[in-house]
Structure formats: C-alpha cells, structure tokens
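Please open the model in your viewer and keep the sequence panel beside it.

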Amino acid sequence: MTDSSEDGLAAAVALAGRAGRYALDELGGLVVGDLDRPTPCTDWDVASVVTHLADVVDALTGLLATAQLNLPGPPGWPVGDPVARTRERVQDLLEQLQTAGRRGSHDLQADGAAPAAHAAAIEFTVHGWDVAAARGRACQLPPDLAEDVLALASELLDDASRGTSFAARVDPGADASPVERLVTFLGRDAAQWTRTAGARVAS
C-alpha cells in the first residue's frame, strides 16, 4: 500500500467514524414505541431498518476480514433488543476499521479496509437518516457529513451499480440542502420527510 493509498484509507476510516457516530446517536434516541414507525424505506418500519443495518454491518465485517462482500437479504423478524444489538455491532465495526487504519499496509485486512470504510460511511449515514426521519428529525443530519458522503457516493454509485441496495435517485429540487441532495441521490423522497420534521418543529 503506497503513502497515497494509506492517506486514502485514513480519510475513509475518518468519514466512516463520523457517519458511525451519527448513526449511533440516532439509534440511541430510539424507544420501544418507535420501532413500528414508518420510514423512508418503502414497506420497512424502524425495526426493519435497524435489523437491516445490523445485517449490513455483519456483511462489512466480513468484507473487512476477507475482501469479499456478501450482501444481506431482506431483514428478518427482530429478535430481542434490535437497537442494542445494532449499536454494539456498529461500534465493533468502527473499532475494527480504526485498527485497520492504524496498521495500514501492514494489516492483513488492508485490501478490504477501504471498501468496508466507504460502504460503512454511506450505510451508516443513510440508515441513520432513515431512523431520524421516522422520528421527525430529518433535518438533523450534519450538512458537512451529508456533503462528504454525497461526494463519496457519487464516485461509487451510478444507476447501473445500485442493484437492489438503493432505489433510483429522486430529483432533489433546485434549492435542495446538502442533506436533501444526499438522501434523494440514495433514492429517498426527502421532501415528504423534511416537511414532516418542519411541521413537528413548528408545533
């Protein structure tokens, strides 16, 4: 791994860390009564998004270890405390990425580290926002995080590479905020959820 690629890995791990802290904060605000709330993910409630995020983290942990990604299927029925389990898995992956970032080219996980960090940054941010939006907090995603993740996602995802992971992009509108540009790029109807958040603030 060259110096430039090590710098790239450090930046990827740092962005994943910021995204992970955002997701952990939003997950930490959930209560039992939130789990059946609808989310921007069609047909998925909060419990489904949280369970899916745990499955994604497991897949990214495998990517970090083997440099091979096995995408998860649809989320199953939540068992036990899905929020606590997901928070624990997110934290574990962040710690593993930090370790891989410190070791750089000397780490056996180096080949999978940057792709895992890139994917984690996107997944943590968008699913953190899904959970936030369900609670009327669609406008609370830090704009600088949204801008940085959108720059990354724009490099990695085009219409052909989305597969079943992300819906087709939505037009964000001419005056869209950084948050709206990010989530519409990832297939969410930002306007529906930011209007809901604004109405809650106004009330």
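Begin with the largest nonpolar core, which has 57 residues; select L93, L97, F124, W129, L141 and L186, the members with the most contacts inside this core. A nonpolar core here is a set of buried Ala, Val, Leu, Ile, Met, Phe, Trp, Tyr and Cys residues joined through side-chain atoms within 4.5 Å, where buried means under 20% relative accessible area, exposed means over 50%, and partly exposed lies in between (1.4 Å probe, protein chains only). At least two residues of this core come from each of α1 (3-28), α2 (46-66), α3 (82-103), α4 (110-134), α5, α6 and α7 (190-202), and α4 gives the most, with 13 residues.

Because this is a predicted model, local features need pLDDT of at least 70 and side-chain atom pairs count only at pLDDT 80 or more, whereas totals for chains, interfaces and linings use all residues. Residues are numbered from 1 along each chain as its sequence is written, and side-chain values use heavy atoms, with hydrogens and water left out.

Now colour by secondary structure: the chain has seven helices and zero strands, with helices (H or I, at least four residues) and strands (E, at least two) taken as DSSP runs numbered from the N terminus. Of the 203 residues in the chain, 45% are buried.

Next, select T125 in helix α4, which is buried, with a relative accessible area of 0%. Leaving aside neighbours within four places in sequence, T125 is in contact (heavy atoms within 4.5 Å) with A19, Y22, A120, L141, L145, V149 and L182.

Then show helix α5 (residues 143-156) together with helix α6 (residues 178-185), whose axes come within 8 Å and cross at roughly 35°. The axes are lines fitted to C-alpha atoms, for helices over the stretch in contact, and angles run from 0 to 180 degrees between N-to-C directions.

Just after α6, G187 takes a positive phi of about 90°. Return also to L186, which, leaving aside neighbours within four places in sequence, is in contact with I122, V126, A153, L157, R162, F166 and A167.

Finish in the loop between α5 and α6, where D159 has its place. D159 counts as exposed, at 56% relative accessibility. If you draw a distance from D159 to R169, 10 residues apart along the chain, the two C-alpha atoms are separated by 8.2 Å.
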